[in-house]
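Reader: Please walk me through a few features of this model, one at a time.

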Amino acid sequence: ERLSAPALKAFFNVMTRWKVRDEDARALLGGVTNGPFYEMKRRPERVLEVDRLTRVSYLIGIFKALNILHGQALADDWVHLPNKHPLFAGTTPLAFMIQGGLPALQAVRRLLDARRAG
């Protein structure tokens, strides 16, 4: 309960920084429909289910790792840039994460954490 509101606020801040469309942000949260999504945006005090909280946690970790690895401009654009890494197979990290769901979010987080570790 206590993590939901800060997590949602951080999630929407990341989506703004990354310039992610609401449709894609809903998909990153696991396919939230319009009504609940906009309610979360208006009132982030609501309690998130474990799955959504986990997704938000991965996205915040990805955001943090990108800002450590790259300058702010590249960190914010990175999710929209086609990527040649075998994980992404030439698609954008955002498309990969949307299509792959929670396992893809976890894979991207692991990849970036490994890059950070050197």
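Reader: Where does arginine 52 sit?
Author: Helices are DSSP runs (H or I, at least four residues), numbered from the N terminus. Arginine 52 lies in helix 4, residues 50-69. This is a predicted model: local features need pLDDT of at least 70, side-chain atom pairs count only at pLDDT 80 or more, and totals for chains, interfaces and linings use all residues. Residues are numbered from 1 along each chain as its sequence is written, and side-chain values use heavy atoms, without hydrogens and water.

Reader: Is arginine 52 buried or exposed?
Author: Buried means under 20% relative accessible area, exposed over 50%, partly exposed in between (1.4 Å probe, protein chains only). Arginine 52 is at 17% relative accessibility, so it counts as buried.

Reader: Which residues is arginine 52 in contact with?
Author: Contact means heavy atoms within 4.5 Å. Setting aside neighbours within four places in sequence, arginine 52 touches Leu29, Gly30, Gly31, Val32 and Met40.

Reader: How do the axes of helix 4 and helix 6 cross?
Author: Axes are lines fitted to C-alpha atoms, for helices over the stretch in contact; angles run from 0 to 180 degrees between N-to-C directions. Helix 6 spans residues 93-117. Its axis and that of helix 4 come within 9 Å and cross at roughly 40°. Among the residues making the contact are Tyr58 and Ile62 of helix 4, with Leu105 and Arg109 of helix 6.

Reader: And serine 4: buried or exposed?
Author: Serine 4 is buried, with a relative accessible area of 1%. Its place is in helix 1, residues 4-17. Beyond neighbours within four places in sequence, serine 4 contacts Pro44, Arg46, Val47, Leu48 and Leu53.

Conventions: Helix = DSSP H or I, 4+ residues; strand = E, 2+ residues; numbered from the N terminus.
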